[in-house]
Amino acid sequence: MKSDRENKAYYQHTFDEVHASKDLLRKVKAMKENTTTQRWIKISRYGYTAAAIVAVLIFSNVITYAASGNLWLLTITMPNGKTVQKTVEAPFAGEDMADTEDGTPVIESAKSAEIEDLSEEAEGITAVLESKGEKTFLVIEGNYRIDITEDFQGGSCKGTYELDESSYYYYEVTGTPQAYDITVDLISVVLK
Amino acid sequence: MENTDYEKTVERYLDIVYRVALSCCKNPYDAEDVVQTVFLKLLEYKGNFQEQEHLRRWLIRVTVNESHSLWRTFQRRKVIPLEELAFEPSFSTEEHSELFYAVSCLPIKYREVVHLYYYEEYSIKEIAVLLHLSETAIQTRLMRARKKLKQQLKEAWK
């Protein structure tokens, strides 16, 4: 598609002008000389997570909201069917607030901090690691499998996934395939 | 990784990692933090990279993940210094400056997809694998991002 090629060229010419500073180059190169410290950090991390147990809280879609002044009342359905109501500050106008094509408002990550508080009220849902052969998978709610084999080799990994079209999550796994910690946070929600 | 290999890798990929980080974080201070974390993880990484493309994808994925990690930090979302919000590199043309600004106004989940598609030239399928998302999700994000860029940039964005 011609227009897409033109857009690529426009985008590439723009970002070709963006460079890391010489100071950053020097700092990053110098990190190699500090490997003794890094090894120590890594060993401590293994020790810290050795007795870890899986305990993850995640929540399902926000299904309704009602705006009242600067506050939004969110009604959230938990995986066990229980509903929880939460009042959050309305997103700021501009970049924190985005409209989808059908006009549905989206709370972007910049304002989802308040929504993260919901984890205290959510029922526990499992997220586990599964090993198959040499592969390691993060399995959320028994259905969503993420291949983290490569990322997890260093004893920790983090990433994002979309549980459904309305919620976007961040995960962090530390430890080993046998003894690990998993945390999951909601970082973005589409209100329906 | 040997010293010489590491230095060559840094020289070859520093700008790539920095651009991805800047696209996600929007300000150079966070982007530089992310870059350092990414290369620290490379030093800690025990696996082998069969080829340069494998290394490149690994670096990009870790950069995106680290950027998300920083972005979700509570303080980052509560307090952002004005000078960081106002950051913009100096560009040779007004058009480039406008595109950078328009991209920085997109939500993070659109920015990362746009950058990987338009700059790194990954296909939708490849981005889906990199970000652990469905191809449909990537297509939707690209479509919405294009629409927003078109709204903001008018004729400059085809």
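Which residues is B:V35 in contact with, leaving aside its neighbours within four places in sequence? The views below come from a predicted model, in which local features need pLDDT of at least 70, side-chain atom pairs count only at pLDDT 80 or more, and totals for chains, interfaces and linings use all residues. Residues are numbered from 1 along each chain as its sequence is written, while chains are lettered from A and ligands numbered from 1 in the order in which they are written.

**View 1. Contacts of B:V35.** From chain A come A:A20, A:L24 and A:V28. From chain B come B:V17, B:Y18 and B:A21. Two residues are in contact if their C-beta atoms, placed from the backbone, lie within 7 Å.

**View 2. The largest nonpolar core.** This core has 47 residues. B:V17, B:A21 and B:V35 touch the most other members. Helix 1 (residues 3–25) of chain B gives the most, with 10 residues. A second, separate core has 12 residues, including A:L138 and A:V184. A nonpolar core is a set of buried Ala, Val, Leu, Ile, Met, Phe, Trp, Tyr and Cys residues joined through C-beta atoms within 7 Å. Buried means 20 or more other C-beta atoms within 10 Å of a residue's own; exposed means 12 or fewer; partly exposed lies in between, with C-beta atoms placed from the backbone.

**View 3. The surroundings of B:E126.** B:E126 sits in helix 8 (residues 124–131) of chain B. Helices are DSSP runs of H or I, at least four residues, and strands are runs of E, at least two, numbered from the N terminus. B:E126 counts as partly exposed because it has 16 C-beta neighbours inside 10 Å. B:R57 is 69 residues away in sequence, yet 9.6 Å away in space, C-alpha to C-alpha.
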